[in-house]
Amino acid sequence: MIRHVYCKTSDGRVVPESQCNVETKPLAIHPCGDRNCPVHWLAQDWERCNTTCGRGVKKRIVLCLEIVTGKIKTRNPTECDVTKKPSEETTCFERPCFKWYTTPWSECTKTCGIGVRMRDVKCYQGRDLVRGCDPLVKPVGKQTCDLQPCPTEPPDDSCQDQAGTNCALAIKVNLCSHWYYSKACCRSCRAPHS
């Protein structure tokens, strides 16, 4: 005799079997008949795969029992032939999982200073390009690349400080990065400072 056995909440909703006690699960497959049967294995239905996508594992209950005057008697597993015991666990595969894939990063858009590099980020289910990946774990497709500072001027041995500009003060208050002082105090700004 075969019947379906579900795990339900008190208000009648069907929930995963893991929320019910396996020890008290009623038999889904029940031997019947009025003749005596010697001890033998009885495998129940497979439970659901333990994953919603990709490869997982599913289990089932396998009992050792006998029938005496039409009644089932559960026996110790050692009383059944271990070599004939059906498997209690097997692998299973559900639909392919949604997964983010990325291409390698592009070259930086600059060769010095701060630039940007990019990569493609796409969602696949198996080999199919789809929508359905979790946006909260989406890898970034764009990021800054901070390289060594760019030189402000090509080397010029003939550069001189402009007369009337207080270059000593400009260096003291660190104004060499400003466009005006980098030109007006060319010689002083290029000299190594301690």
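Here are some notes on this structure, taken point by point.

1. Before anything else, keep in mind that this is a predicted model. Everything below is read off that model.

2. Start with the pocket. The largest pocket comes out at about 680 Å³, and 26 residues line it. Nearest its centre you'll find Val-5, Glu-17, Lys-25, Glu-47 and Arg-48. What is the make-up of the lining by class? It has 13 nonpolar, 8 charged and 5 polar residues.

3. Next, the core. The largest nonpolar core has 5 residues, namely Cys-167, Ala-170, Cys-176, Cys-185 and Cys-189. As a general point, nonpolar side chains tend to be buried together in soluble globular proteins. Take Cys-176 from that group: setting aside neighbours within four places in sequence, Cys-176 is in contact with Ala-170, Ile-171, Ser-182 and Cys-189.

4. On to charge pairs. Searching the whole structure turns up 5 salt bridges, and three of them are worth a look here. Which residue does Glu-89 pair with? Its partner is Lys-59, with an N to O distance of 3.9 Å. Glu-89 belongs to strand S5 (residues 89-93) and Lys-59 to strand S2 (residues 55-59), so this pair ties together parts that are 30 residues apart in sequence. Both ends are partly exposed: Glu-89 has a relative accessibility of 47%, and Lys-59 has 45%.

5. Another salt bridge joins the side chains of Asp-11 and Arg-13, at 3.5 Å from N to O. Is Asp-11 buried or exposed? With a relative accessible area of 56%, Asp-11 is exposed, since the cut-off for that label is over 50%.

6. Then there is Asp-120 with Lys-122, where the closest N and O atoms are 3.9 Å apart. Asp-120 is partly exposed at 43% relative accessible area, and Lys-122 counts as partly exposed as well, at 35%.

7. His-30 is one to click on. His-30 sits in the segment before strand S1 (37-43) and is partly exposed, with a relative accessible area of 30%. Which residues does His-30 touch, leaving aside neighbours within four places in sequence? Those contacts are Met-1 and Ile-72.

8. Gly-132 lies in the loop between strand S9 (128-129) and strand S10 (142-146), and its relative accessible area of 46% makes it partly exposed. Gly-132 and Leu-147 are 15 residues apart in sequence, yet their C-alpha atoms are 36 Å apart in space. Once neighbours within four places in sequence are left out, Gly-132 is in contact with Phe-98 and Cys-123.

9. Most residues other than glycine have a negative phi. Asn-174, though, has a positive phi, near 60°. Where is Asn-174 placed? Asn-174 is in the loop between helix H1 (167-172) and helix H2 (179-184). Asn-174 is also exposed, with a relative accessible area of 62%.

Definitions and conventions. Residues are numbered from 1 along each chain as its sequence is written. This is a predicted model: local features need pLDDT of at least 70, side-chain atom pairs count only at pLDDT 80 or more; totals for chains, interfaces and linings use all residues. Side-chain values use heavy atoms; hydrogens and water are left out. On a 1 Å grid over the protein atoms alone, a cavity is a set of points where a 1.4 Å probe fits but cannot get out, and a pocket is an open set with protein on both sides within 12 Å along at least five of seven lines; lining residues have an atom within 4 Å of a point. Grid points are joined across faces, edges and corners, and a volume is the space filled by probe spheres set on the points. Ala, Val, Leu, Ile, Met, Phe, Trp, Tyr, Cys and Pro count as nonpolar, Asp, Glu, Lys and Arg as charged, and the others, Gly among them, as polar. A nonpolar core is a set of buried Ala, Val, Leu, Ile, Met, Phe, Trp, Tyr and Cys residues joined through side-chain atoms within 4.5 Å. Buried means under 20% relative accessible area, exposed over 50%, partly exposed in between (1.4 Å probe, protein chains only). Contact means heavy atoms within 4.5 Å. A salt bridge is a side-chain nitrogen of Lys or Arg within 4 Å of a carboxyl oxygen of Asp or Glu. Helices (H or I, at least four residues) and strands (E, at least two) are DSSP runs, numbered from the N terminus.
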